[in-house]
Amino acid sequence: MGARNKIKIFSGTSNPEIAKKISACLGSKLGKLTISRFPDNETYCRFEEEIKGEHIFIIQPTCNPANENLMELLVISDAAKRSGARTITAVLPYYGYARQDRQSKPGEPITAALVAKLLKASGVNSVIVMDLHSKAVEGALKMKKIHLHALPVIVKYFRRKKLKDLCVVAPDRGALRNARKQARLLKAGVAWIDKRRLAASKVLVQKIVGNVKEKNCVIIDDIISTASTICEVSRFLKNAGAKNIYVAATHGVFAGQAIKKLSRASIKEVVVTDTIPQQNTKKRLKKLKVLSVAELFARAIERIA
Ligand code: R5P
């Protein structure tokens with residue numbers, strides 16, 4: 001691959017751990033980029049090496065604090081463009097603001113689309129993303145893109161456990177199609193939950209469709225944010241006679257009281273990936289297992305360059 005030696009990978013400050021892992025998978029080192037703050041807290045950055053004519057990859061999930069991390073990404077991209085980078089690829093293991101992907105009430109924004117426009121305006125030519133919240137977000141990214149999925153990594157992990165009487169539980173009806181696919185891969189049964197979201201951090205489970213009695217239940221979702229969905233579903237599963245409950249999600253956002261709720265919930269293990277840094281969460285949530293998706297991003301970078 002001729003362009004390979006032209007790849008230059010830089011990391012923002014939101015998840016340097018995954019950035020290091022990705023560049024290690026590619027057998028390269030992270031490029032030199034200074035990022036700091038002005039006295040008034042505005043973001044400053046400077047490329048400390050020549051990037052003119054190069055293919056630049058900026059690794060920066062826009063996780064919490066999303067405003068800070070997004071702005072930092074835009075500032076880095078602008079600097080890359082002004083320094084003559086040949087192409088700029090934003091590598092967003094987690095794409096923040098994705099869940100506002102439509103107007104559910106008049107007067108609301110569509111932030112998923114706004115972020116896509118901002119990326120383009122800052123000079124980004126292509127993106128590499130993982131498990132976007134919806135097709136609408138993917139559609140909003142009107143540029144070259146690679147949309148990765150963490151499912152192979154999650155499935156591999158659960159296969160290794162060799163759990164008996166496995167049942168994949170879809171956390172809502174919309175997730176049933178994915179759950180069927182997950183169940184096929186895990187050679188498991190399927191059940192699904194009929195739930196309603198009452199507020200941002202309140203979910204009401206109405207019924208379970210399928211048999212979960214004495215089963216090892218696995219719930220695989222795209223995101224755990226307030227953990228309301230997962231905890232409420234788990235409570236319901238336990239009452240319905242489930243043996244053990246495992247939950248997995250690509251993105252561990254863990255907002256608000258999520259860690260406390262998950263610690264208390266009758267969940268045996270919480271599995272997430274490293275799209276968002278979890279070093280601190282690991283200390284506070286003993287049942288947390290973090291799987292790395294760095295290899296998938298490294299292979300995608302090779303494909304796009
Ligand atoms: C719903 O559409 C998503 O797949 C997740 O189930 C949801 O966003 C998780 O949010 P929370 O953890 O706040 O319940």
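Which backbone atom lies 3.1 Å from a polar atom of the side chain of asparagine 15? This is a predicted model, and in it that atom is the backbone oxygen of threonine 275.

Asparagine 15 sits in the loop between β1, residues 7-11, and α1, residues 16-25. Its relative accessibility is 2%, and asparagine 15 therefore counts as buried. The side chain of asparagine 15 also reaches the backbone nitrogen of isoleucine 18, at 3.2 Å. Leaving aside residues up to four places away in sequence, asparagine 15 touches Pro61, Asp274, Thr275, Ile276 and Pro277.

I turn now to the sheet. Seven strands form an open sheet with mixed pairing, in the order β10-β9-β8-β11-β12-β13-β14. At the edges stand β10 (202-209) and β14 (288-291); each has a single partner strand, so one side of each is left without a neighbour in the sheet. From one strand to the next, the twist averages 25°.

At the β14 edge, β14 pairs with β13, residues 269-273, in the parallel sense over four bridges. Threonine 273 has leucine 291, in β14, as its bridge partner.

Finally, the helices. Helix α5, residues 151-161, packs on the sheet and touches β11, β12, β13 and β14. The direction of α5 makes about 155° with that of β12. Helix α6, residues 176-186, lies across β8, β9 and β11, and α6 runs at about 165° to β8.

Thank you for your attention.

Terms used
Residues are numbered from 1 along each chain as its sequence is written. This is a predicted model: local features need pLDDT of at least 70, side-chain atom pairs count only at pLDDT 80 or more; totals for chains, interfaces and linings use all residues. Side-chain values use heavy atoms; hydrogens and water are left out. Two strands pair if DSSP finds at least two bridges between them. Helices (H or I, at least four residues) and strands (E, at least two) are DSSP runs, numbered from the N terminus. Axes are lines fitted to C-alpha atoms, for helices over the stretch in contact, and angles run from 0 to 180 degrees between N-to-C directions. Contact means heavy atoms within 4.5 Å. Buried means under 20% relative accessible area, exposed over 50%, partly exposed in between (1.4 Å probe, protein chains only). A polar contact is a pair of N or O atoms within 3.5 Å; within protein, one must be able to donate a hydrogen and the other to accept it, and residues adjacent in sequence count only if both atoms are side-chain atoms.
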